[in-house]
Amino acid sequence: MRRLLQAMIVMLVVALLAFTLFRFVGDPINQMVGIETSIEEREALRERLGLNDPIPVQFARFIQSAVQFDFGTSYQFRQPVSDLFLKRIPATLELSFASAVFALVVGIPMGIYAGLNRESWVSKVFLSVSLVGISLPTFFIGILLIFFFSVNLQWLPSFGRGEVVEIGSWWTTGFLTASGLKALILPSITLGLYQMTLIMRLIRAEMLEVIRTDYIKFARARGLPDRLVHFRHALKNTLVPVITITGLQLGAIIAFATITETVFQWPGMGLMFLQAVQNVDIPIMSAYLLLTAFLFVSINFVVDILYFLIDPRLRIERA
Amino acid sequence: MSNKSFFVTALMLGCMGGTAAQAETLKYAFQGTLNQLDPYSLNETFTLGALGNAYEGLTRRGADLQIEPALAERWEVIEPNRWRFYLRQGVKFHNGNDFTAEDVAFSAERVRAEGSDLGTRINAEATVEIVDDYTVDFVLPGPNPILHYEWDTWYIMDKDWTEANDAVSVTSASDTTPNYAALNANGTGPFKIASHEPGVKTVYEKFDGWWDTATHNLDGVEFTPIGSDATRVAALLSGELDMVYPIPVQDVKRVNDNAGTQALTGPELRTIFLGMDQMRDELLYSDVKGKNPFKDVRVRKAFYQSIDIEAIKAKVMRDLSTPAALMISPFLYARAGEFERYPYDPDAAKALLAEAGYPDGFTVSMDCPNDRYVNDEAICQAVAAMLARVGVTVDLVAQPKAKYFAKVLASGGYDTSFYLLGWTPGSFDSWNILENLIQCRDEAGKGGAFNLGGYCNADVDALKDQILVENDPEKRDALIAQAYTIANDEVSHIPLHQQGLAWGVADGVELAQRADNQFVFRFVTKN
Amino acid sequence: MSNVSTDKTETAAAGMLARMVDSDIFHSFLKSKVTVIAAIGTAVLFLLAFFAPLIAPHDPFDLATISILDARVPPMWMEYADPRFVLGTDDQGRDLLSGIFYGMRISLIVGFCSVIAAAILGITLGLVAGYMGGRVDAVIMRIADIQLTFPAILIALLIDGAARGIFGALDREVFSFYILIFSLALSFWVQYARTVRGSTMVEKNKEYVQAARVIGIPAIIIMVRHILPNVTGPVLVIATINLALAIVTEATLSFLGVGMPPTQPSLGTLIAIGNDFLYSGEWWIAIFPGLALALLVLNVNLLGDWLRDALNPKLR
């Protein structure tokens with residue numbers, strides 16, 4: 001209960017911080033009108049939007065509507081922000097999901113291999129190559145991928161989600177069409193590369209530790225085959241931290257999807273957010289921040305509870 | 001747009017072996033988004049251009065930008081203050097409604113209503129009189145020879161449709177409920193807007209009931225905004241799109257070398273120029289204290305002459321620019337050819353600076369956008385390097401447009417000493433330049449609101465007022481020449497160039513590249 | 001981003017630091033060829049960056065010496081090359097080789113300063129949170145939660161604007177530099193705080209700390225003298241990762257137009273600029289700085305890897 005209250009306060013502070021900082025990002029009015037619009041008209045618009053009110057007043061107004069899930073109307077699109085977000089959420093979630101899958105499916109086997117064969121040159125190549133991947137900025141990796149796979153080889157699309165299918169009234173998915181799946185490949189790799197490296201290294205480190213434990217030594221002594229020992233016993237032990245971290249990284253993925261979405265013109269929340277920053281679309285920026293704050297807070301909350309459930313020592317300590 | 005059943009039908013059509021082979025859909029991308037569909041919400045080239053395929057004005061502009069009749073068949077000035085427009089008969093809106101004088105009168109009110117960004121299209125004091133169903137009179141408070149110059153982008157809306165959908169008030173950002181007209185369109189133009197997902201995709205469909213003979217062969221058009229330059233070019237090179245614009249000047253060659261695509265280049269109307277704060281007694285951002293060096297015409301001229309515009313053209317713009325001697329494109333002013341740039345001459349510039357009392361130069365900050373004009377930041381960097389050679393140290397402040405404009409425009413208190421800006425006169429006429437960029441202003445921006453440097457000469461202003469009401473073209477051009485000559489002699493600004501247009505087009509697509517950078521679907525054919 | 005990745009190994013390593021500064025580490029260092037190569041590589045890159053003004057053939061920051069007419073000259077082994085520019089020039093006519101040396105210098109300084117600032121902030125808050133516990137801990141950790149909500153990119157965008165709004169006119173070049181460091185430090189401190197807090201909570205209950213407390217040593221001295229040395233291991237590991245991360249993040253910020261000013265390009269700025277010229281055949285503008293950045297980050301990370309393994313007692 002106290003945790004919940006704290007979470008609420010965190011959200012409030014995020015909103016307040018965001019709000020006070022936004023006014024310095026630029027002047028929304030210039031982005032909303034043509035360049036020839038007179039100063040008087042600009043001033044009138046500013047007044048109508050309530051931008052001349054003191055920050056606390058604006059903030060109170062914002063919170064008052066936000067608790068009713070009304071985040072105002074986007075300055076650019078002249079549409080309710082909540083509608084816009086609902087339309088964009090599926091794109092971001094699917095991209096995040098695909099990149100997480102990529103990170104796990106590639107990262108775990110590589111990590112296991114590198115952990116079991118610590119001295120082999122293949123593991124060293126894995127480690128180094130994965131580092132090269134993260135030592136280049138995301139936007140650069142994205143552009144390079146587009147350059148090779150879209151422009152030169154023409155295998156994969158360079159932008160967008162491809163053909164999407166509507167499920168229910170508000171979810172759209174690219175998982176059900178060939179073009180949708182193809183469109184997912186490059187952005188997921190770009191976004192997932194960092195997480196893949198992270199997971200691989202984590203698994204490797206865990207593996208290195210686990211295979212030295214008495215438990216594994218005992219299993220081996222019992223004469224169980226290597227493969228069984230590695231996958232049944234060792235891997236299982238390494239997965240717990242990996243799962244927690246994947247959960248936490250999901251939040252990070254969503255936050256860092258902004259750049260990937262911008263490079264690939266992926267119609268998700270991150271793209272909308274960066275465009276909002278460029279155009280000083282305050283309602284979208286605030287809603288996005290509140291949404292990510294909510295995401296982080298709830299993930300942290302869940303992870304804390306998980307820790308509590310997994311690690312009995314913590315339970316005793318609290319009691 | 002892409003619901004399940006649509007997808008299934010599309011698949012079936014595909015399986016049946018292209019029965020719809022005639023169906024030509026054009027897919028194109030632009031760097032910015034089409035935010036909303038209300039034709040009076042944003043006075044901006046791309047938005048108006050994109051909406052101009054669905055909506056039409058009383059006039060329109062052809063491929064060469066000449067004004068031609070559209071919803072009005074012809075017009076005449078029956079008294080100096082009274083213009084009569086004869087409307088085209090038998091025109092239908094996309095929803096089947098008839099186009100009549102009522103719609104024109106309604107649109108004239110709506111475009112001047114609160115929240116409209118196109119209020120300047122019609123003088124607030126002008127009145128609209130309906131003579132009969134197909135004749136409308138505009139009664140003006142004074143003569144205005146350029147009344148209809150911007151009417152190609154004053155689109156006529158359907159009165160009944162707008163009223164029925166409760167969209168009479170112009171879509172404004174302060175609205176709390178979405179305006180119907182912001183999400184739907186009902187014009188008379190050659191294309192209907194079938195679906196619009198702001199910032200994601202807009203789909204147009206051919207309108208069969210269009211009044212004019214279609215010269216295009218498109219059944220539909222799909223627009224996607226792609227913000228990243230590299231991605232946009234990649235989408236064209238990979239064959240995913242039929243047309244993208246703009247393409248960065250450095251990629252023109254690549255697009256041309258690529259099999260299946262070519263770059264279309266041409267001059268644009270926008271003039272890029274530098275301005276200097278000549279108003280304050282001391283510059284905000286300079287090491288010169290107690291006086292303002294830019295108040296001295298010799299300093300302004302020295303800056304002018306230290307810029308090697310040909311080098312900028314060759315290296316930064318890759319020859320895709322036209323060095324400018326005037327603040328207006330030569331296409332928009334008949335006598336532009338009489339003007340010449342001050343020659344590039346760093347030694348003369350140094351001498352001028354020394355004469356003005358700055359033999360060792362001085363330091364000044366320069367404000368520059370980095371995502372607004374073609375290679376804006378690179379131009380500023382090149383200017384900074386060129387000024388460094390005559391001893392002037394430029395501290396370059398390049399920032400995204402949202403911040404840049406917030407700083408340098410009136411709302412930011414003209415917070416700049418030296419800046420780069422671009423301007424296209426909306427009316428394609430010099431008066432617009434004199435009014436907005438060269439006219440005197442006060443500190444709050446009354447007067448020449450975009451004269452950021454605050455250049456001021458009462459003679460130029462007097463000429464400007466004469467130009468507005470002068471109906472004789474020749475006399476008018478002479479007055480304009482006089483005004484420009486004064487401004488040039490006093491180096492009110494440093495014009496740099498008209499930037500070039502660069503569009504990337506897939507082979508088989510024919511189109512007209514208009515110098516106002518509007519992409520007009522009715523000129524397109526695709527094979 | 002990787003706040004949790006390190007938690008695990010570090011807590012374990014924490015207690016072992018004392019034993020580590022001896023020859024054991026050296027031994028494991030010399031044993032690994034990769035590490036030795038990485039160490040030499042790092043040293044060379046650092047020296048190049050540090051002595052850039054002495055080594056570089058041109059001064060890319062001196063606008064008066066660069067000419068737009070030299071723009072986009074290809075590297076010397078290609079056609080139309082200019083012997084003055086070994087690796088060619090960028091779009092403004094800056095010598096790329098010199099640009100890389102100077103840019104690396106800026107990237108490293110930004111990286112180091114932000115890592116140090118983040119570490120100081122994070123360690124202090126982590127120590128306090130872990131040691132005091134209770135309400136103080138809750139407040140600090142909730143601040144950390146808030147912090148996580150704001151990605152570095154956003155912080156930089158906001159702070160850049162806010163700072164200019166508050167301080168008005170300042171020397172742009174120095175100014176962007178501080179904004180960058182401040183933004184990066186603000187987004188990275190949480191990792192240190194979390195790690196240090198964890199280790200502190202473990203250490204706090206150990207007998208030697210209890211004993212110190214009993215004999216009346218003030219909390220601050222206990223923290224600095226007794227607990228701090230025990231958490232330096234994990235902190236070092238995070239720092240090496242973060243140094244790389246900071247440099248890459250700075251590059252991304254340049255891409256968004258809020259990094260170092262174009263007249264004083266960092267490695268990231270050079271890549272962001274060169275990004276525009278990939279399709280037009282002037283690949284060297286992006287690729288050479290990209291290679292330099294990759295080399296730098298790779299070397300630093302390999303050292304970090306080794307450090308992580310070497311500091312982990314379970315792996316001996």
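Two strands count as paired if DSSP finds at least two bridges between them. With that in hand, welcome to a predicted model, in which local features need pLDDT of at least 70, side-chain atom pairs count only at pLDDT 80 or more, and totals for chains, interfaces and linings use all residues. Residues are numbered from 1 along each chain as its sequence is written, while chains are lettered from A and ligands numbered from 1 in the order in which they are written. Helices (H or I, at least four residues) and strands (E, at least two) are DSSP runs, numbered from the N terminus.

**Strand E10 and its partners in chain B**

- Strand E1 (residues 25–30) of chain B runs parallel to strand E10 (residues 220–225) of chain B, and six bridges link the pair.
- Within that pairing, Lys27(B) has Glu222(B) of E10(B) as its bridge partner.
- Strand E9 (residues 201–206) of chain B is joined to E10(B) by four bridges, here in the antiparallel sense.
- Glu222(B) turns up again as the bridge partner of Val203(B).

**The four-stranded sheet of chain B**

- This open sheet has the strand order E4-E5-E7-E6 (chain B), with antiparallel pairing.
- Its edges are strand E4 (72–79) and strand E6 (127–132) of chain B, each pairing on one side only.
- On average, neighbouring strands of the sheet are turned by 20° against each other, direction ignored; axes are lines fitted to C-alpha atoms, for helices over the stretch in contact, and angles run from 0 to 180 degrees between N-to-C directions.
- Helix H3 (residues 101–111) of chain B packs on the sheet and touches E5, E6 and E7 of chain B, its direction making about 175° with that of E6(B); contact means C-beta atoms, placed from the backbone, within 7 Å.
- Five bridges hold the antiparallel pair of E5 (residues 82–87) and E7 (residues 135–139) of chain B, with Arg82(B) opposite Val139(B).

**Where chain B meets chain A**

- Chain B brings 51 residues to this contact and chain A brings 47 residues.
- Helix H1 (4–15), helix H6 (229–237) and helix H12 (401–408) of chain B each supply at least two residues of chain B's side.
- H6(B) gives the most, with five residues.
- That side has 19 nonpolar, 25 polar and seven charged residues (Ala, Val, Leu, Ile, Met, Phe, Trp, Tyr, Cys and Pro count as nonpolar, Asp, Glu, Lys and Arg as charged, and the others, Gly among them, as polar).

**Where chain B meets chain C**

- Here 31 residues of chain B touch 24 residues of chain C.
- H11(B) gives the most to chain B's side, with eight residues.
- By class, that side has 17 nonpolar, four polar and 10 charged residues.

How values were computed:
Two residues are in contact if their C-beta atoms, placed from the backbone, lie within 7 Å.
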